[in-house]
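Here is a colleague's note for someone who is starting to read protein structures. Please keep the model open beside the text and look up each place as it is named.

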Amino acid sequence: MKVLAIETSCDETAAAVVEDGRTALSSVVSSQTDLHAAFGGVVPEVASRAHLELVGPVVSQALEQAGAAPGDLAAVAATVGPGLVGSLLVGASAAKAYAWAWGLPFVGVNHMEGHLHAAFLEDPALHSPTVVLLVSGGHTMLVSMHDAPVAGQIEYRLLGETIDDAAGEAFDKVARFLGLGYPGGPAIEAIARDGAPDAVAFPRGLAGRGYDFSFSGLKTSVVRYMRSHPGARLADVAASFQEAVVDVLVAKTRRAAAEVGARAICIGGGVAANTALRERISAVCEQDGLAAFIPSRRMCTDNAAMIGATACYRLRVDGPTPLDAPVAPNLRLPLV
Ligand code: KG4
Ligand code: ZN
C-alpha cells in the first residue's frame with residue numbers, strides 16, 4: 001500500500017511516498033529557511049505563499065523519485081495540525097484536491113503524531129512501552145507509547161510538557177539574542193563546539209520536579225549574563241546554554257523511562273538533530289539497558305515521510321478523513 005503524503009505545517013514544503021507505513025520510497029523537503037532568515041524567524045504569510053508555489057513541484061518530484069503514478073496510490077495524506085493556519089491550508093487543500101481528482105481516500109494527520117512515528121520508519125520494532133522525547137520549535141513533550149488493548153494499535157500517554165518556551169524556541173531566541181542567526185539550533189550547536197559546557201552555570205529549569213519543562217528562565221539568564229559580562233566568549237555561552245537544555249531533557253527522559261518501566265527511549269523533532277542530545281541519550285540507554293531509537297537527522301526535522309507512515313496507521317485504525325474536515329492549528333495529540 002503506497003501513500004502520498006504532504007507536510008506544510010511550518011516552513012518546510014515536503015512530500016513523500018511511503019509504502020506499507022514502513023518504507024519511505026521518496027522524501028522530498030524544500031526548506032524556506034533562506035526566505036525567513038532575513039526576518040529572524042518564520043513569517044506566516046511568506047510561508048503560505050511559498051508553500052503555494054512549491055507544493056505542486058515537490059509532489060511531482062516525490063512521485064517521480066518513488067517511481068509511482070497516481071494509479072499506484074492507496075491514499076493521499078496531509079498534515080492538518082498543529083501548525084500555522086495558512087501553511088496547513090495549502091498542504092491540506094492540495095492533498096484533498098489530489099485525492100478527489102484521483103478518486104482516493106484523504107487522510108488528515110497530526111504533525112506531532114508524525115514526529116512520534118518518524119523513528120519507526122528506520123527501525124520498525126516498537127518496544128512497548130517506549131518513552132519519547134519530542135523536542136521541536138513549537139513543542140516539547142515527554143510521551144510514552146504503549147501497545148493498546150486492541151492488537152496493532154498504539155496508545156500515547158502525556159508525561160509532561162513545557163510550561164513556557166519549547167526547547168527549539170529557546171535555541172532560536174538565544175541564538176537571535178547572541179546574533180548567531182536563524183534557525184538557532186544548528187547555529188548554537190556549531191559555535192558551541194569551540195566552547196566549554198561548564199563555563200557558565202546556567203539554571204536547569206524545574207530540575208528534579210515532575211516531567212514538565214521550563215526554558216524561559218534559562219533564556220533570561222543568558223540575556224542577564226551577557227549584559228553583566230559584555231566580553232564573554234560566545235562559544236562558551238552557547239556551549240553552556242546547550243548543556244543546560246540537554247541536561248534537563250536527558251535527566252527527565254531517563255527518570256520517566258525508569259518510572260514507566262520503558263524498554264526503549266526514542267527522540268524526535270528538530271532539536272533531536274542536536275549532537276550533544278543524541279550522544280547523551282545514547283549513553284543513558286546503554287547504561288540503563290534500554291533500546292535507543294535515534295532517527296537520522298533528516299527524519300528528526302520536519303518531513304512528509306513521517307506523515308505518510310502515520311497516515312497508513314490512521315487509515316487502518318480510523319478510516320479516511322472527510323474532505324470537508326477543517327485544519328486545526330492547535331490540534332493536540334490523541335491521548336488515553
Ligand atoms: O521539528 P522542527 O523541524 O519544526 C517544528 O515542528 O518546529 O524543529 C525546528 C526546531 C528549530 O527551533 C531549530 O532551531 C531546532 O529545531 N533545531 C535544533 C537543531 N536543528 C534544528 N536545535 C538544536 N540543535 C540542532 N542541531
Ligand atoms: Zn515538527
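**Notes on the pockets, sheets and backbone**

1. The second largest pocket has a volume of about 370 Å³. A pocket, worked out on a 1 Å grid over the protein atoms alone, is an open set of points where a 1.4 Å probe fits, with protein on both sides within 12 Å along at least five of seven lines, and lining residues have an atom within 4 Å of a point; grid points are joined across faces, edges and corners, and a volume is the space filled by probe spheres set on the points. Of the 17 residues that line this second largest pocket, those closest to its centre are Arg22, His117, Ile154, Tyr313 and Arg316. Two or more lining residues come from each of α4, β7 (140-147) and α11 (305-318), and α11 gives the most, with four residues.

2. This is a predicted model, in which local features need pLDDT of at least 70 and side-chain atom pairs count only at pLDDT 80 or more, while totals for chains, interfaces and linings use all residues. Residues are numbered from 1 along each chain as its sequence is written, chains are lettered from A and ligands numbered from 1 in the order in which they are written, and side-chain values use heavy atoms, with hydrogens and water left out. Helices (H or I, at least four residues) and strands (E, at least two) are DSSP runs, numbered from the N terminus.

3. By class, the lining of the second largest pocket divides into nine nonpolar, four polar and four charged residues. Here Ala, Val, Leu, Ile, Met, Phe, Trp, Tyr, Cys and Pro count as nonpolar, Asp, Glu, Lys and Arg as charged, and the others, Gly among them, as polar.

4. The largest pocket has a volume of about 1,200 Å³. It is lined by 44 residues, of which Cys10, Ser136, Gly137, Gly138 and Asp172 are the closest to its centre. Two or more of the lining residues are given by each of β3 (23-31), α4 (111-122), α5 (167-177), α6 (184-192) and α10 (297-300), and the largest share, six residues, comes from α5. The classes in this lining are 15 nonpolar, 19 polar and ten charged residues.

5. How is the protein divided into domains? The assignment gives domain 1 (2-115 + 299-318) and domain 2 (126-294), with bounds that come from an automatic or database domain assignment. Taken over C-alpha atoms, the centres of domain 1 and domain 2 are separated by 26 Å. The contact (heavy atoms within 4.5 Å) takes 17 residues from domain 1 and 16 residues from domain 2. At least three residues from each of the two domains belong to the lining of the largest pocket, and the lining of the second largest pocket likewise draws at least three from each.

6. One open sheet has five strands in the order β3-β2-β1-β4-β5, with mixed pairing; two strands pair if DSSP finds at least two bridges between them. Because β3 and β5 (106-110) stand at the edges with a single partner strand each, one side of each is left without a neighbour in the sheet. Strands β1 (residues 2-7) and β4 (residues 73-81) pair in the parallel sense over five bridges, and Ala5 stands opposite Ala77 in β4. The helix α11 lies across β1, β2, β3, β4 and β5 and runs at about 125° to β1, where axes are lines fitted to C-alpha atoms, for helices over the stretch in contact, and angles run from 0 to 180 degrees between N-to-C directions.

7. Another open sheet of five strands has the order β8-β7-β6-β9-β10, again with mixed pairing. Its edge strands are β8 (154-161) and β10 (291-293), each of which pairs on one side only. The antiparallel pairing of β6 and β7 runs over six bridges, and Thr130 stands opposite Met145 in β7. Helix α9 (residues 275-288) lies across β6, β9 (264-268) and β10, running at about 170° to β9.

8. Which backbone details deserve a second look? Most residues other than glycine have a negative phi, and most peptide bonds are trans. A cis peptide bond, with omega about -5°, joins Ser128 and Pro129, and Pro129 lies in the loop between α4 and β6 (130-135). The bond from Tyr182 to Pro183 is also cis, with omega near -5°, and Pro183 is found in the loop between α5 and α6. Asp20 has a positive phi, near 55°, and sits in the loop between β2 and β3.
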